[in-house]
Amino acid sequence: MPPHPAATISIEQQPEIEGVDPALVAAYQAYQTGDFGTAWQRYREVLQKDSRNRDALLGMAAIARQQGQDDVAAQYYRLLLTQDPRDPLANAGMAAFASGDTAGKESRLEEVLAQSPQSAALHFALGNLYSEQSRWSEAQQAYFNAYRLEPVNAQFAF
């Protein structure tokens, strides 16, 4: 019987894959359960390590909005927009605070939406703007687009 060829074993070092920061995961889970105090603390931990972390900044803005702290939420959205003026979620969030120049707000939302047509948040923000102006058929279409893109979002379904 002929000898079996020796099997070769090769060991290679793989680069370590960066996972999601556990504090960020904990923050999001706390936010989802309505524990805004814990979520706030965990998002702050993430921001202490990385002051430009998009998810943490969005989380802080969302918590501030939930607690009626619109000025604080707007600050976080502004920080995001300094990092990326086309950020769809930050633009959608800021649209809720911009007052006065409705034509300018609509133009800005449409401009950003043209660059990010798959952003449910932008469609929703545009729907809100149309609703404020009693432009019901346009609002309905914008809300439908938001829901179509993100059907699991209860706010869009409502």
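Me: Is Y76 buried or exposed?
Reply: In this predicted model, Y76 is buried, with a relative accessible area of 11%. The cut-off for buried is under 20%.

Me: And W40, what is its relative accessible area?
Reply: W40 comes out at 25%, so it counts as partly exposed.

Me: How many aromatic pairs does the structure hold?
Reply: Four. In one of them, the rings of Y31 and F36 have centres 5.5 Å apart. Their planes are at 50 degrees, so that pair is tilted.
W40 and Y76 form another aromatic pair, this one edge-to-face, with 6.3 Å from centre to centre and 85 degrees between the planes.

Me: Which helices do W40 and Y76 lie in?
Reply: W40 is in helix α2 and Y76 is in helix α4, residues 70-83. The pair therefore ties together parts that are 36 residues apart in sequence.

Me: Which residues do ring pairs link into a cluster?
Reply: F124, Y143 and F156.

Me: How do the lining residues divide into nonpolar, polar and charged?
Reply: The lining of the largest pocket has 17 nonpolar residues, seven polar and five charged.

Key
Residues are numbered from 1 along each chain as its sequence is written. This is a predicted model: local features need pLDDT of at least 70, side-chain atom pairs count only at pLDDT 80 or more; totals for chains, interfaces and linings use all residues. Side-chain values use heavy atoms; hydrogens and water are left out. Ala, Val, Leu, Ile, Met, Phe, Trp, Tyr, Cys and Pro count as nonpolar, Asp, Glu, Lys and Arg as charged, and the others, Gly among them, as polar. Rings of Phe, Tyr and Trp (its six-membered ring) pair if their centres lie within 6.5 Å; planes under 30 degrees apart count as stacked, over 60 as edge-to-face and the rest as tilted. Helices (H or I, at least four residues) and strands (E, at least two) are DSSP runs, numbered from the N terminus. Buried means under 20% relative accessible area, exposed over 50%, partly exposed in between (1.4 Å probe, protein chains only).
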